[in-house]
Structure formats: structure tokens, C-alpha cells
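This report goes through selected features of one protein chain. Please look over the sequence and the structure before reading on.

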Amino acid sequence: MERLPTHVPHLDDILNGGLPKDSIVLISGVPGSGKTILASQIAYGNATPDYKALLVSTVSEPMSKLIRFAQGFSFFELDKVGTAVIYEDIGPVLLRGDGEIAVARVEELVLSHMPGLLVIDSFKAIHDLSESRPAFRRALYQLAATLSALSCTTLLVGEYTGDIADAPEAAIVDGIIELANRPIGLRDYRSLRVKKLRGSNYLSGEHAF
């Protein structure tokens, strides 16, 4: 199986070499657990002009914030913005319509830019603003079908907590990486757990992150 490295120290060891290439992976966790930074680090680590990373922001993570906060990290490379790393904001589209319209807009952007890596942050915002569960599920299956026809690895970022097995997203993704941030004594403890990685082995259990 061809792998996409995360460029995060030791995470590729947990993932048995990296993310399965062309898979759809859900990065879930509570606010502040590091989901956006993790997805951005993977994007900048892999993006080149010939293998573009498309970062699509929704109402939860405005595009201006994604870029501004990423600049404080060592993985950020300004010369990649607009050439290898493409930012698109579908927040206005999402607020005017519903989840189906937003997913259709994502499809348009993917077909326009033809990225090797797609990040949607926050995908849960599309879920929450959809008018109905069946309509969202139809749009989600359509998006999955489009992505499967292309050579594109996808990261769906969202503030999913607890058991997400009933969420439509859990049914179509190939992998689930769950981040946590909980207090232990006077400190916050950040951890990572791979809950699913279809067709691949991985190191199970909770890992310090």
C-alpha cells in the first residue's frame, strides 16, 4: 500500500508508515485538541506545485484564521501559499444554503484544482447546517464517489466527540484519528488514538501527542 507521510514525529510509526494514499480520513476531537494544526502540518509537509494541497474552510474555521495561526509554526512556508497550498473558503456558500450545496461546492473546487491532498475544516459544520440527514448522506456519498475517482487523499476535520459510529461520515471514511485534551491534575494531557484505518495495520491504544 502506498503511504502519504504525515511529517509529524512518530505519528508515521503509529500509522505503520503514514496515511494510506488516496484514502478519506476523519480527524476528530474536542476544540483545542490540535486537529487543525495536525491537518495543516500534513498539508504543508506534502504539498508541491505538482501535488497541491487544497484547504477548504467553513464557518467554524474562517480562511483568514487558518493562515494567520499556521504562520506561527515551523512547518509553515509562505512561498507555498497560492502555489502548492491553496486556500478556499466556502463559509458564505454554506451560510446561504445547506450542506448539500456546500458539498457540491467542494466537488467543484476539487475538480478545478485537482489536488493531491484535500482538507475540509470543519466538516462537522457542513453536517450541522444540513437541512436533513438523508440529504446530507446523499451529498456525502456523492463526494466520496468523486474523490475515489481521483488520486486525492482527504482529511475531514471536525469537533466530533464521544461515539461517532452513528454519524454518516464514519461509514464512508477509511480512517479515524481521534485527538483528546483532558486535565490530569494541574496539567492538560493531549493524546491521539487511531480508531480505524481500513486495509492497514496500526499501533492501537492511546498515544501521548
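Which side chain meets arginine 182 in a salt bridge? The partner is glutamate 206, at 2.8 Å, N to O.

## Basis of the model

The model is predicted, and local features need pLDDT of at least 70, side-chain atom pairs count only at pLDDT 80 or more, while totals for chains, interfaces and linings use all residues. Residues are numbered from 1 along each chain as its sequence is written, and side-chain values use heavy atoms, with hydrogens and water left out.

## Salt bridges

A salt bridge here is a side-chain nitrogen of Lys or Arg within 4 Å of a carboxyl oxygen of Asp or Glu. The search of the whole structure finds six salt bridges. In the pair of arginine 182 and glutamate 206, the N-to-O distance is 2.8 Å. This pair links distant parts of the chain, with arginine 182 in strand β8 and glutamate 206 in strand β10 (residues 206–208), 24 residues apart. Helices (H or I, at least four residues) and strands (E, at least two) are DSSP runs, numbered from the N terminus. Arginine 182 has a relative accessible area of 34% and is therefore partly exposed; glutamate 206, at 35% relative accessibility, also counts as partly exposed. On this scale, buried means under 20% relative accessible area, exposed over 50%, and partly exposed in between (1.4 Å probe, protein chains only).

Glutamate 178 forms a salt bridge with lysine 195, and the closest N and O atoms are 3.7 Å apart. Here too distant parts of the chain are linked: glutamate 178 is in strand β8 (residues 175–184) and lysine 195 in strand β9 (residues 187–197), 17 residues apart. Lysine 195 counts as partly exposed because its relative accessibility is 41%. Another salt bridge joins the side chains of glutamate 108 and arginine 105 (3.0 Å, N to O). Both residues lie in helix α5, three residues apart, about one turn of the helix. Glutamate 108 is partly exposed at 47% relative accessibility, and arginine 105 is partly exposed at 30%.

## Packing of α5 and α7

Two packed helices are described by the angle between their axes and the distance between the axes. For helix α5 (residues 99–113) and helix α7 (residues 133–148), the angle is about 10° and the axes are 9 Å apart. The two helices are therefore roughly parallel. Axes are lines fitted to C-alpha atoms, for helices over the stretch in contact, and angles run from 0 to 180 degrees between N-to-C directions. Angles under 35 degrees count as roughly parallel, over 145 as roughly antiparallel, 65 to 115 as roughly perpendicular and the rest as oblique.

From α5, the residues Glu100, Val103, Val106, Glu107, Val110 and Leu111 meet Ala135, Arg138, Ala139, Gln142, Leu143, Thr146 and Leu147 of α7. Contact means heavy atoms within 4.5 Å. The residues of this contact divide into eight nonpolar, two polar and three charged. In this grouping, Ala, Val, Leu, Ile, Met, Phe, Trp, Tyr, Cys and Pro count as nonpolar, Asp, Glu, Lys and Arg as charged, and the others, Gly among them, as polar.

## A buried aspartate

Aspartate 12 is in helix α1. This residue is buried yet has no salt bridge, and the nearest side chain of opposite charge, arginine 3, is 8.3 Å away. For charge, Lys and Arg count as positive and Asp and Glu as negative, while His and the chain ends are not counted. Apart from its neighbours within four places in sequence, aspartate 12 is in contact with Pro5, Thr6, His7, Gly17 and Gly18.

## Backbone in the loops

Histidine 10 has a positive phi of about 75° although it is not a glycine. Its place is in the loop between β1 (3–4) and α1 (11–14), and at 61% relative accessibility histidine 10 counts as exposed. Aspartate 22, also not a glycine, has a positive phi of about 70°. Aspartate 22 is in the loop between β2 (19–20) and β3 (24–29) and is partly exposed at 35% relative accessibility.

The peptide bond from aspartate 121 to serine 122 is cis, with omega near 5°. Serine 122 lies in the loop between β6 (117–121) and α6 (123–128).
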